[in-house]
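Okay, thanks everyone, I'll keep this short. Let me put the structure up and then walk you through a few spots in it.

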Amino acid sequence: MAEAHQAVGFQFTVRPDGVDLKLSQEVLKNIYLSGVTAWKKKAIQFKNGILTGVYPASPSSWLIVVIAMMSSLYTRIDPSLGMIDTIKGNLPYKVYMQVQTRAVVSAILFATGVWLFFIYLMRFTLKTLLSYHGWIFESHGKMSTCTKLWLSLVKMISGRRPLLYSFQAALPRLPVPRVDDTIQRYLESVRPLLDSKQYNRMEILANEFKETESTQLQRYLILKSWWATNYVSDWWEEYIYLRSRGPIMVNSNFYIMDLLYMTPTHRQAARAGNVVHAMLQYRRKLERGEHAPLRALGTVPMCSTQMERMFNTTRIPGIETDIVQHLTDRKHLIVYHKGRFFQVWLYIGGRHLLPSELETQFQRILNDPSEPQPGELKLAALTAGARVPWARARLKYFGHGINKVSLDAIESAAFFLTLDEEPQGYDPAKVNSLDIYAKSLLHGKCYDRWFDKSFNLISYPNGKIGVNIEHSWADAPIVGHMWEYVLATDCFHLGYTEEGHCKGDMNRGLPCPTRLQFQISDECQDVIETSYLLARQLADDVDFNCYLFSEFGKGLIKKCRTSPDAFIQLALQLAQFRDQSVFCLTYESSMTRMFRDGRTETVRSCTSEAVAFVRAMEDPCATNAVRLALFRKAAEKHQNMYRLAMTGSGIDRHLFCLYIVSKYLGVESPFLKKVLSEPWKLSTSQTPQQQLNLVDINKFPKYVGAGGGFGPVADDGYGVSYIIVGENLITFHISSKFSCPDTDSGRFGQHIRKAMIDIQALFKPENNNRTVENGKYVHLENGKKHM
């Protein structure tokens, strides 16, 4: 063990004449360096805490105000209008101070008060400015004079070089929409999905709710919005994620892939060494709050709260609900390889291990010939199965002794690393290479990922990597931010030698990684096997289809003067109808991070306008001009709904919170019960790209990510994640279940591809005289077909 390795630096021998104590100079040096590093870290955190605490002012501005106030004492001008004299007369221990000392102290106190007043005034002004969202609803490329003035004021007050959490206190609270507005939008969203009888019934339920229970529930919700920083986020985390008793593998966790075309090195240990080191660099900047906050338009700040729990975080299972355990400054990593768990220390002498040192440690694990202990191989399957059996097993078998020590090491680790045994990644020569890669990242073997950790880093023998993320603590853009930083640092800053090793000298003197020890009884092994079989059944049922749409991308869509997201969402609606012959309730995730502690909101993409467009596309009598007009109307509707969701005027989070309040009060609402039980048969999400702009895609077109995905939300539906890569590529990740006879991810992927091409064809003037047969365009000349 590393502790034992360091302990040998202190040797003593008991003799008749006393104790002979020998100290290791190397150990003392490491202890000294560790202490220096710790104090430096505390000093930097303290400094950055002050800078964040006084933002948008600066500590130097306090000195300016004090100097200005002190100068007034000598010019016999009293800008305080007598308040300095009042402070002077009420100072404690004034009898022990000289008159001049009392005057100086009083002036400093008054100046500090004025400074703090202006800080709160500037924050209030900035919060008020950030509550304006008119800019979102303006046409792309056009900006009103009002918005230009607003943008200038925000830039002026925001100051220069803000830190990660500088804007937190100035972010507005998420507003509670009016019940009438929410119900109106809800009824509008379900109109295309219900027949007249069903819609009338839903309308009656909605009106009854509006006239009876809604007033009381809304009152409590408004009260919570005044008290809490966000009226949605804590309930969303608890009731949507932590109280779910089913497996989180596939059902909740999601994944993000490596670079699509590039593999910087084909050495597994080297790639893992560089990536882990880059993650440690990111964590250090995160702990110090030194990352720049993400800002829309380069000016409007986004909430950074979710980033706090990225590292050192584990979801702890419970009988009724799980909890998210977040620790600080964890100094070790847990590595899984061939059924063995290893503990790797990340620091030496008060510094992070270098990439070459990490490579050495990981290579030692790869070379280790030892066998798993009884029950150790599939131990992590406990985190892949149902939550209640895992919670009971944790208390019964891992609550004491050596098992508790090892489990604590896993749950307190910075994150979890799996050194996988099978190569993965995109291979153009293999038709389903991305499908297999996606399934490996999403569930693996069901026992080689610790699904409760905030994220698992998976390293493959061919040098490819990826991450599996537990969803309760954060959403995809948060992890995407870290992932972009890590990949850019790995490829463009750390680099590799010609042989593919990490740069730097090997340090053979490092203590070897430590095997975690377990004593797993036969009874516990039966519980593990039961959990594994449940997880295996769930994993085997997942049907994945990942493909690259390269016919065109964002560049061509923008030339059509439409939103790329709206374009894709309407293509998904067209594909869904062609695949299932019916429309369905569609979920698209939108972010609300312009508000304090904001997470997500739902955009209901299946609108009446989208349905009209799809029906026109399937109507052979409809002309392309009619279809194009309906497309533009549907796209505009979708964009407006997306904007409403981003600005706190969505539908589903408001109704969800009203439902939670009704449960607390014991109020039965048939309307809310009906709304919350509706299945999302098509669940979609866009993976963010280039949040940091660390890599110029035009200059390095091969250094693009493949995006990520998630499992199907409904047993008889599809999950679709897509990433818009640069100007000419869109990657789709489609999931469904083999057990449903009506869904097929590969078939749905082909429908999406054809829908994208068909919609884009509407924008070509020459296609007004074209029709489609068997997926090919056919020209019509004088009413006759011409191939």
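I'll go through a helix and its neighbours, then some strands, then a pair of helices.

Quick housekeeping: this is a predicted model, where local features need pLDDT of at least 70, side-chain atom pairs count only at pLDDT 80 or more, and totals for chains, interfaces and linings use all residues. Residues are numbered from 1 along each chain as its sequence is written, and side-chain values use heavy atoms, with hydrogens and water left out.

Let's start with helix α14, residues 401-411. Helices here are DSSP runs of H or I with at least four residues, strands are runs of E with at least two, and the numbering goes from the N terminus. In α14, Asn403, Ser406, Leu407, Ala409, Ile410 and Glu411 are buried, and buried means under 20% relative accessible area with a 1.4 Å probe, protein chains only. So what do those buried residues of α14 pack against? Among others, β8 (332-337), α13 (387-397) and β12 (416-419); contact means heavy atoms within 4.5 Å.

Now β12 itself. Both of its faces are covered: Phe416 and Thr418 are buried on one side, Leu417 and Leu419 on the other. β12 pairs in the parallel sense with β8 over 3 bridges, and there Tyr336 has Thr418 as its bridge partner. Pairing needs at least two bridges found by DSSP. β12 also pairs in the parallel sense with β13 (residues 455-459), over 4 bridges, with Leu419 opposite Ser459.

Next, an open sheet of 6 strands, in the order β16-β22-β21-β19-β17-β18, with mixed pairing. β16 (542-549) and β18 (600-604) are the edge strands with a single partner each, so one side of each has no neighbour in the sheet. Inside that sheet, β17 (586-591) and β19 (682-686) pair in the parallel sense over 3 bridges, and Thr586 is partnered with Leu682.

Last stop: how do helices α19 (564-580) and α21 (624-646) pack? At an angle of about 115°, with their axes 9 Å apart. Axes are lines fitted to C-alpha atoms, for helices over the stretch in contact, and angles run from 0 to 180 degrees between N-to-C directions. The residues touching include Phe567 and Leu570 of α19, and Phe631 and Tyr642 of α21. By class, that contact has 7 nonpolar, 3 polar and 1 charged residues, counting Ala, Val, Leu, Ile, Met, Phe, Trp, Tyr, Cys and Pro as nonpolar, Asp, Glu, Lys and Arg as charged, and the others, Gly among them, as polar.

That's my tour, thanks.

How values were computed:
Buried means under 20% relative accessible area, exposed over 50%, partly exposed in between (1.4 Å probe, protein chains only).
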